[in-house]
Amino acid sequence: MARYQVIRQADSESVVLRRARLAVSFWDHFRGLMLAAPLSDDEGMLFVTRRDNRTETTIHMFFMRYDLGVVWVNDAGIVVDKQLAKRWRPYYAPAQPARYFIEANPSILERVTVGDHLVFADA
């Protein structure tokens with residue numbers, strides 16, 4: 001996978017995010033978007049874990065300067081949950097196991113619905 005991914009709706013091919021920075025390593029997951037500048041509407045981070053689960057896809061919002069829209073996606077590419085994550089909150093977990101989660105500007109929540117099928121491609 002390239003360092004950046006384009007995230008699209010599988011059915012309509014409409015773009016959800018034009019530029020999602022890939023986060024695979026422990027360090028990428030640890031650092032995330034803490035203390036980062038606010039995101040534009042078409043950028044975010046795509047976190048990848050080893051398998052569908054709830055534990056590894058749980059996030060915190062400590063040291064965040066802004067709220068995020070978070071979308072959880074399972075291994076089949078299906079959106080299993082989405083939430084508005086408020087800064088400085090200790091805990092957000094998906095309702096169902098997920099392998100991927102996307103952190104982006106809260107506007108992403110308007111472009112994605114639980115049950116949507118998403119695909120990732122090199123940017």
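**View 1. The largest nonpolar core of the predicted model.** In this predicted model, the largest nonpolar core holds 18 residues, and the members that touch the most other members are Leu33, Ile59, Met61, Tyr66, Leu68 and Trp72. Two or more residues are given to this core by each of the strands β3 (43-53), β4 (68-73), β5 (79-85) and β6 (98-104). Among the contributing elements, β4 gives the most, with three residues.

**View 2. The surroundings of methionine 61.** Met61 is one of the residues that touch the most other members of the largest nonpolar core. When its neighbours within four places in sequence are left aside, methionine 61 is in contact with Tyr66, Asp67 and Leu68, and also with Ala85, Lys86, Arg87, Trp88, Arg89 and Tyr92. Of these contact partners, Tyr66 and Leu68 are named, like Met61 itself, among the core residues that touch the most other members.

**View 3. A second, separate nonpolar core.**

**View 4. The salt bridge between aspartate 28 and arginine 3.** The count of salt bridges in the model comes to four, and in one of them the side chains of aspartate 28 and arginine 3 meet at 3.5 Å, taken from N to O. Because aspartate 28 lies in helix α1 (residues 26-31) whereas arginine 3 belongs to the segment before β1 (4-9), the pair ties together parts that are 25 residues apart in sequence. Aspartate 28 counts as buried, since its relative accessibility of 16% falls under the 20% limit, while arginine 3, with a relative accessible area of 44%, is partly exposed.

**View 5. A salt-bridge network formed by Arg50, Arg51 and Glu56.** The side chain of glutamate 56 meets that of arginine 50 in a salt bridge with an N to O distance of 2.8 Å, and it also meets the side chain of arginine 51 in a salt bridge, for which the N to O distance is 3.1 Å. Glutamate 56 counts as partly exposed at 26% relative accessibility, and arginine 51 is likewise partly exposed, with a relative accessible area of 45%. Arginine 50, by contrast, is exposed, because its relative accessible area of 64% lies over the 50% limit. Through the salt bridges that share partners, Arg50, Arg51 and Glu56 are joined into one network.

Key. Residues numbered from 1 in each chain as written. Predicted model: local features only at pLDDT ≥ 70, side-chain atom pairs only at ≥ 80, totals over all residues. Heavy atoms only, no water. Core = buried A, V, L, I, M, F, W, Y, C linked by side-chain atoms within 4.5 Å. Buried < 20%, exposed > 50% of the residue type's maximum accessible area, 1.4 Å probe, protein only. Helix = DSSP H or I, 4+ residues; strand = E, 2+ residues; numbered from the N terminus. Contact = heavy atoms within 4.5 Å.
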